[in-house]
Amino acid sequence: MANSSGSGSKISFKDEDLKNMSGLKRGDDFIEVTCGCTSRRFGDAVGKLKVFANGELEVTCECIPECKEGKMTPSAFEKHSRRETARRWKYNIWVMVNGKKVPLLKTALLKYYDRATKTGSAAQRLHRDEFVRCTMCNRQRRFRLRSEDECRAYHDAQAVLNWKCSDMPFYNITCNDEEERESRRRLRGCSRAPLCKGCIQCVCFGCKMCRFSDCGCQTCNDYMDNNEDD
């Protein structure tokens with residue numbers, strides 16, 4: 001049985017659900033497998049799919065060594081692969097089982113995603129990506145908000161009047177690095193729709209992951225005052 005726990009969450013699959021899946025790795029609150037999406041014209045785009053216990057799915061693209069797309073939603077990965085019949089990522093994205101390509105839809109890997117979609121249980125934990133503009137180079141830099149540490153980093157960056165690229169945590173980035181192109185910035189991690197401009201599933205108005213008791217800002221203080229019994 002594949003069981004992982006972290007931050008109170010646990011992920012569990014039967015042994016037969018993951019048997020002979022290529023690239024299988026286990027983390028604290030996720031599993032990772034090799035995945036891909038095939039274009040008749042351009043061939044296979046390969047990546048790593050992470051399945052999280054909160055229902056989130058994340059693909060790290062490895063189509064070519066110099067690919068700069070990084071982490072993205074399955075929908076965005078399908079589009080990036082230049083698949084001719086897009087918007088069917090559950091069927092078009094495959095994993096390798098016994099050396100054969102098997103659509104995600106025909107595996108057990110979507111059970112946490114499907115459960116979260118039906119119950120809305122992932123809504124609180126899912127925060128879309130946000131951007132902060134460097135005061136030196138005027139370029140916008142992406143902040144992924146998938147953990148409490150990442151939410152805190154973005155929260156603190158917003159409070160810095162003269163924030164610069166060199167202040168970016170987790171990633172080594174400078175003002176010499178190119179800004180993400182506009183089409184890429186539109187993809188902000190919503191699991192409902194890749195080009196979502198903000199919905200109840202990806203926009204959080206305050207939760208324990210993005211509000212902090214040791215922060216003295218008015219936003220955090222108001223949240224703590226209104227949720228003393230949580």
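## Aromatic pairs

In this predicted model, the count of aromatic pairs comes to four. In one of them, the ring centres of Phe-13 and Tyr-112 are 5.5 Å apart and the planes stand at 70 degrees, so the pair is edge-to-face. Because Phe-13 belongs to strand E2 and Tyr-112 to helix H4, this pair ties together parts that are 99 residues apart in sequence, and both Phe-13 and Tyr-112 are buried.

The rings of Phe-30 and Phe-52 have centres 5.7 Å apart, with planes at 50 degrees, so this pair is tilted. Phe-30 lies in strand E4 and Phe-52 in strand E5, so parts 22 residues apart in sequence are tied together; both Phe-30 and Phe-52 are buried. Elsewhere, ring pairs join Phe-143, Tyr-154 and Trp-163 into a cluster.

## Charges over rings

Phe-30 also has Lys-50 over its face, at 4.4 Å from the ring centre. For Phe-212, the charged end of Arg-152 sits over the ring, 4.7 Å from its centre.

## Nonpolar cores

The largest nonpolar core has 30 residues, and those with the most contacts inside it include Phe-13, Leu-49, Val-51 and Leu-104. Among the elements that each supply at least two residues of this core are strands E2 (9–13), E4 (30–39) and E5 (43–52), together with helices H2 (74–80) and H4 (111–119); E4 gives the most, with four residues.

Leaving aside neighbours within four places in sequence, Leu-104 is in contact with several residues, including Leu-49, Trp-89, Val-95 and Leu-109. A second, separate core has 18 residues, among them Leu-145, Trp-163, Met-168 and Cys-207; Trp-163 is also part of the cluster formed by ring pairs with Phe-143 and Tyr-154.

Terms used: Residues numbered from 1 in each chain as written. Predicted model: local features only at pLDDT ≥ 70, side-chain atom pairs only at ≥ 80, totals over all residues. Heavy atoms only, no water. Core = buried A, V, L, I, M, F, W, Y, C linked by side-chain atoms within 4.5 Å. Buried < 20%, exposed > 50% of the residue type's maximum accessible area, 1.4 Å probe, protein only. Contact = heavy atoms within 4.5 Å. Phe/Tyr/Trp six-rings, centres within 6.5 Å; stacked < 30°, edge-to-face > 60°. Lys NZ or Arg CZ within 6 Å of the ring centre and 35° of its normal.
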